[in-house]
Amino acid sequence: MDQIKRNTLNLFEDNDHLTTELRLGLPGSDDQPEIKTTSLSSNKRSSSEMGSSSCMDENESTFSPPAKEQIVGWPPVRSYRKNILQVKKMESDTGSGIYVKVSMDGAPYLRKLDLKMYTSYEELMKGLQDMFKCLIGLYSEREGYNGSHHALTYEDKEGDWMLVGDVPWEMFISTCKRLRIMKSCEARGLGGSL
Amino acid sequence: MTSSFPEEVLEHVLSFLTSQTDRNAVSLVCKTWYETDRWCRNRIFVGNCYAVNPRILIRRFPDVKSIELKGKPHFADFNLVPEGWGGYVYPWVVELARAYPSLEEIRLKRMVVTDESLEMVAKSFNNFKVLVLSSCEGFSTDGLAAIAANCRNLRVLDLRECEVEDLSGHWLSHFPDSFTSLESLNMACLVSEVSFSALERLVARSPNLKTLKLNRTVPLEKLSTLLKRAPQLVDFGTGAYSAEFRPDVYSSLAGVFSACKNLKSLSGFWDVTPAYLPVINNVCSQLTSLNLSYATTQSPDLTKIVSQCCNLQRLVVLDYIEDTGLNTVSLSCKDLRELVVFPSDPFIGDVDVQLTEHGLVAVSEGCSKLHSILYFCRQMSNSALIQISKNCPNLTCFRLCIIEPRAPDYQTLEPLDTGFGSIVQNCQHLTRLSMSGLLTDRVFEYIGTYAKNLDMLSIAFAGDSDLGLHYVLSGCDRLRKLEIRDCPFGDKALLANASKLERMRSLWMSSCLVSFGACKLLGRKMPGLNVEVIDERENVNSIPEYAPVEKVYIYRTVSGQRFDAPDFVRIMGKDKDAVYNLS
């Protein structure tokens with residue numbers, strides 16, 4: 001235990017090789033600056049925690065304990081294991097989702113999306129924008145692509161590529177086979193100009 | 001002395017050394033030994049694909065037959081590493097194809113594998129035999145089709161827990177009729193249905209097939225057809241194990257199982273219909289490994305099965321087994337070496353399942369050979385941990401996950417420091433430890449003092465101050481992998497132990513208190529380390545230097561910084577244009 005105490009003291013004393021090589025100061029400063037701590041919450045937590053604690057209080061040096069709701073990556077169980085029971089429950093009541101592939105021009109690989117998770121085009125756009133971190137505009141004759149760089153198109157059951165947004169939502173999800181996020185300059189042929 | 005020792009003799013002696021660690025030690029003895037080792041070493045293991053690069057590898061080892069590469073850090077398994085971080089195998093495959101046309105084996109873990117990479121593997125290596133992809137992603141069944149169609153000497157195709165874009169099951173039909181060398185096929189993670197007749201024909205023409213792990217779409221009724229074709233199987237994974245009970249199906253299945261005299265390992269059992277479980281009764285006593293972690297059935301059914309597995313060495317099961325089932329395990333499975341208990345419902349608070357620390361204590365009491373534990377439960381006590389440490393002094397791996405973060409000893413409401421302290425003190429061979437529950441800096445003091453053989457440590461929601469991290473980094477001499485999340489560890493301990501980081505493979509810290517400034521300083525001062533700040537916040541460029549980063553991943557490397565990182569990954573402290581070529 002003495003050895004431990006010695007180690008403890010050394011950490012905070014001026015130990016030659018520690019202070020000459022690595023210091024906590026920012027370049028140009030001589031003393032150790034006060035290290036301000038912030039609360040642990042970051043704005044990447046699951047949504048249930050975000051509302052109340054997303055602002056960083058710089059004077060608080062204690063930690064907000066993790067919410068009772070789901071914490072990202074906890075408990076440490078792989079995703080496919082979390083779904084074992086859920087799959088059983090889902091298959092018995094709602095039936096399987098409508099999964100379509102989504103590609104985005106320039107992205108190295110595709111994603112899969114369950115259209116049943118959304119009830120409107122707005123929700124779908126939001127979901128896609130979150131997934132691909134881009135801005136997609138719904139096309140309108142007057143405004144073009146609304147100033148965004150991407151347009152959303154889909155392949156229907158007959159194999160034709162269509163602009164998303166023309167038909168009622170329910171009809172759309174029953175005919176949509178896959179989605180493609182195009183650069184809006186390439187989508188010109190579908191009837192728009194920037 | 002060395003000049004009178006013929007190289008051929010040295011080479012012959014070295015050929016008996018197969019472990020990577022031994023080979024590495026040998027290569028440090030002197031120049032002659034280094035040269036001899038590099039010319040005749042043909043199995044290579046790279047624990048971090050960014051620690052080295054293909055060119056350095058190829059320059060040192062001219063003749064490689066087998067390579068194993070690992071990419072993303074372990075916490076990627078729990079979605080803590082954002083998509084697009086890295087770990088691409090393609091650049092490696094390009095160079096390997098050029099340098100080693102007679103490469104036979106590729107094993108990858110947590111890497112991004114594209115169809116393009118698989119196609120290149122399929123076309124570049126004439127004698128390709130073994131492909132093992134563990135927790136990999138980025139490829140589709142088209143890539144598998146390329147492998148099936150072109151690798152005429154393939155023996156092993158093992159997809160472990162991969163995320164595959166499953167376009168169709170048609171890939172399996174690409175194995176040509178002339179292909180008969182298959183020894184091991186694991187397709188359990190695939191979703192699409194394969195052609196059953198193609199599968200049956202493949203099994204029938206593979207006399208050396210020892211391992212077959214089916215995916216969920218292969219129905220129970222068809223299992224006997226397959227097993228009849230492969231009674232020599234050693235390791236078998238069923239598909240979905242549910243069907244309406246029919247006596248003819250039952251007896252047919254029981255019959256074929258009985259004929260599998262070499263069967264040692266069973267898995268699968270998705271959606272299990274309990275009535276069909278007893279078909280394996282006759283093989284239970286043969287089993288050394290049993291994975292029932294998808295068998296969502298109650299304790300009595302599970303207990304009946306394990307009670308007959310008197311030679312079991314490895315058991316993976318859901319918490320449905322409950323304490324009573326584990327008690328049976330402790331009485332029946334005297335040869336047990338490894339126990340894994342997963343949670344059936346990780347998120348719901350109150351659960352009816354009666355699985356507590358008592359089950360684990362019982363197994364530790366009854367199974368003296370137990371050396372590896374992964375256990376998910378909802379309550380733990382110091383006294384239970386102390387008991388376990390005394391019952392199992394030979395533990396090498398102890399991973400305990402108490403589902404509620406920071407849960408104290410449920411009896412005394414104290415931290416679990418003494419319990420885990422007892423584990424590290426009594427289990428001197430412990431190489432891997434994962435902790436949970438309420439833990440203060442004290443537990444790290446114990447770990448630093450006693451856990452001298454610890455190789456990998458995982459910490460979450462623990463500790464009080466930088467002291468905790470300092471104890472670990474300064475005390476654990478053999479520590480190579482450290483992963484930490486949501487702990488109050490910051491700059492002080494990290495910077496004070498900077499040189500230790502060069503003697504480790506990697507350090508992961510997320511949701512801790514390490515600042516941008518410290519990361520930059522570390523990256524600048526330590527050319528042998530890549531300090532990657534992983535931060536997805538939109539305003540990250542305006543966050544002050546003293547503020548904590550979201551995540552930091554630090555690893556030693558001889559390859560310098562990498563240039564395939566996405567914009568949310570910043571390699572700190574390195575001149576962006578400089579290439580460090582430390583050969």
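Is Asp105(A) buried or exposed in this predicted model? Asp105(A) is buried, with a relative accessible area of 17%, where buried stands for under 20% relative accessible area, exposed for over 50% and partly exposed for the range in between (1.4 Å probe, protein chains only). Because the model is predicted, local features need pLDDT of at least 70 and side-chain atom pairs count only at pLDDT 80 or more, while totals for chains, interfaces and linings use all residues. Residues are numbered from 1 along each chain as its sequence is written, chains are lettered from A and ligands numbered from 1 in the order in which they are written, and side-chain values use heavy atoms, with hydrogens and water left out.

**View 1. A salt bridge joins Arg180(A) and Asp105(A).** The two side chains meet at 3.1 Å, N to O, a salt bridge being a side-chain nitrogen of Lys or Arg within 4 Å of a carboxyl oxygen of Asp or Glu. The pair links distant parts of the chain, 75 residues apart, with Arg180(A) in strand 5 (residues 178-183) of chain A and Asp105(A) in the loop between strand 1 (99-104) and strand 2 (111-114); helices (H or I, at least four residues) and strands (E, at least two) are DSSP runs, numbered from the N terminus. Arg180(A) is partly exposed at 26% relative accessibility.

**View 2. Arg562(B) and Glu532(B) form a salt bridge in chain B.** Their closest N and O atoms are 2.7 Å apart. Arg562(B) lies in the loop between strand 22 (551-556) and strand 23 (569-571) of chain B and Glu532(B) in strand 21 (residues 529-534), so the pair ties together parts that are 30 residues apart in sequence. Both Arg562(B) and Glu532(B) are buried.

**View 3. Arg41(B) and Asp37(B) form a salt bridge.** The closest N and O atoms of this pair are 2.9 Å apart. Arg41(B) is buried at 3% relative accessibility, and Asp37(B) is buried with a relative accessible area of 0%.

**View 4. Helix 16 (residues 441-450) of chain B is largely enclosed by the rest of the structure.** This description applies because seven of its ten residues are buried. Among the buried residues of helix 16 are Val443(B), Phe444(B), Tyr446(B) and Ile447(B), together with Asp441(B) and Glu445(B).

**View 5. Arg110(B) and Glu322(B) have positive phi values.** Most residues other than glycine have a negative phi, and most peptide bonds are trans. Arg110(B), with phi of about 55 degrees, is found in the loop between strand 3 (105-109) and helix 6 (115-124) of chain B, and at 11% relative accessibility it counts as buried. Glu322(B), with phi near 60 degrees, lies in helix 12 (residues 322-332) of chain B and is buried at 18% relative accessibility.

**View 6. The peptide bond from Trp74(A) to Pro75(A) is cis.** Its omega is near -10 degrees, and Pro75(A) is placed in the loop between helix 3 (47-53) and helix 4 (79-93) of chain A.
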